[in-house]
Amino acid sequence: MGFSTPVLDSPARRPGSPRVVEVPMSHPLRQNFRSQPTGAARGDRVGFGAVLRRSPLAYGAFVVMSLIVLGAVFAPLMSPYDKDKIDLTSQYLAPSLSHPFGTDDLGRDIFVRVMHGGRITLAVGFLAMTLALVIGVGAGGVAGYYGGWVDTVIMRTVDLMLAVPVFFVILFLSSILSPRVSIVALCAMIGCTQWMEVARLVRAVVITTKEHEFVDAARTLGLPDRRILVRHLLPHTTAPVLVAITLGLAQAIIIESGISFLGFGVQPPTPSWGAMLQDAQSYLSDCPWIAVFPGLMIFLTVACCNILSDFLGEATHPTHAPRR
């Protein structure tokens, strides 16, 4: 804020007209009315990287999960052996430098097959949960925003599907489609039976958030319901949805492995962790490594998903003050 002060004794002024000089002055109450930095400006939202640095458990789970995913993606570059090549001169070899996970009953390298099997299992899990995310967010958002009979129909459908044993439904559908179940069909069956929890979480958040003033302001501006729902309400569901999807990924991997273990999932010679466990049943006493490594991959992946889900919830929620 500035005040104008006339200066009368300046040598450069014209006779009879005083020169005006702008003298910057600070208002004495300026500090009282200065806006304080908000929590968002101070960066009080704890990021995922900060959570990982503070938690060795979360950091370890993230590293292990990253290695599993990278191993599945770059499986053809991990070993010189072919995943389907039969070598009867190398049957039942124990883990060694040449075969880190040993060989199976047909002389195939288990390390290569485990990495290729991770491609199938992880792909089914990610694709199934992507489908569940789309259905769950759409159904929960519509039910929470419109309410009334729309909410009643959608949520009673959710309650009905939650009362049905999902694993046995997928097993029944897989048995109908057997002996050849495609990966796309398996992803569709798992995804269409895993969206209910996402829908319930999204509905609860939307019901709470739609009462805020910014939603009323958006309606006043004449924004359509679809824009209000997509641009203003659904972003608030990020935190619970991330946690639900991470837990759902672990559940989808277990379902796919169980279906393949029972022989109704991915069929040979395509490897998957569940199918490899089925092939190893007859060799548990003599060659346990044939079953140990596929089972270990399932265990590590599911454990990492469960650990990361807890820390994703913490990383996506604001705190009162950042930790130093």
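Reader: Where is the place of Val 150?

Author: Val 150 sits in helix α6. Helices (H or I, at least four residues) and strands (E, at least two) are DSSP runs, numbered from the N terminus. The model is a predicted one, in which local features need pLDDT of at least 70 and side-chain atom pairs count only at pLDDT 80 or more, while totals for chains, interfaces and linings use all residues. Residues are numbered from 1 along each chain as its sequence is written, and side-chain values use heavy atoms, with hydrogens and water left out.

Reader: Why does Val 150 count as buried?

Author: Buried means under 20% relative accessible area, exposed over 50%, and partly exposed in between, with a 1.4 Å probe and protein chains only. Val 150 has 18% relative accessibility, so Val 150 counts as buried. The C-alpha atom of Val 150 is separated by 9.7 Å from that of Ala 139, eleven residues apart along the chain.

Reader: What makes the span of α6 close to the expected one?

Author: The expected span of a helix is 1.5 Å times one less than its number of residues. Helix α6, residues 148-162, has 15 residues, and its first and last C-alpha atoms are 21 Å apart, close to the expected 21 Å.

Reader: Which residues of α6 are buried, and how do you know that they are on the same side?

Author: The buried residues in α6 are Val 150, Asp 151, Ile 154, Met 155 and Val 158. They cover an arc of only 105° around the axis, which means that they are on the same side of α6. That arc is taken from the directions from the helix axis to the C-beta atoms. An α-helix has 3.6 residues a turn, so residues three or four places apart point the same way. Trp 149 and Leu 160, on the other side of α6, are exposed.

Reader: What do the buried residues of α6 pack against?

Author: Their partners are α5 (110-146) and α9 (196-209). Contact means heavy atoms within 4.5 Å.

Reader: His 116 is found in α5. Is His 116 buried or exposed?

Author: The relative accessibility of His 116 is 12%, and therefore His 116 counts as buried. Leaving out residues up to four places away in sequence, His 116 touches Ala 75, Pro 76, Lys 83 and Pro 271.

Reader: Why is Tyr 92 called partly exposed?

Author: Tyr 92 has a relative accessible area of 34%, so Tyr 92 is partly exposed. Its place is in the loop between α4 and α5. Phi of Tyr 92 is near 55°, a positive value in a residue other than glycine.

Reader: How many cavities of 30 Å³ or more does a search of the whole structure find, and what makes a set of points a cavity?

Author: The search finds one. On a 1 Å grid over the protein atoms alone, a cavity is a set of points where a 1.4 Å probe fits but cannot get out, whereas a pocket is an open set with protein on both sides within 12 Å along at least five of seven lines; lining residues have an atom within 4 Å of a point. Grid points are joined across faces, edges and corners, and a volume is the space filled by probe spheres set on the points.

Reader: Which element gives the most to the lining of the largest pocket?

Author: That element is α12, with six residues. The largest pocket has a volume of about 330 Å³ and a lining of 20 residues, with Phe 126, Leu 242, Ile 245, Thr 246 and Leu 312 nearest its centre. Its lining has 15 nonpolar, five polar and no charged residues.

Reader: Which element gives the most to the lining of the second largest pocket?

Author: α12 gives the most there too, with five residues. The volume of the second largest pocket is about 260 Å³. Its lining has ten nonpolar, four polar and one charged residues.

How values were computed:
Nonpolar A, V, L, I, M, F, W, Y, C, P; charged D, E, K, R; others polar.
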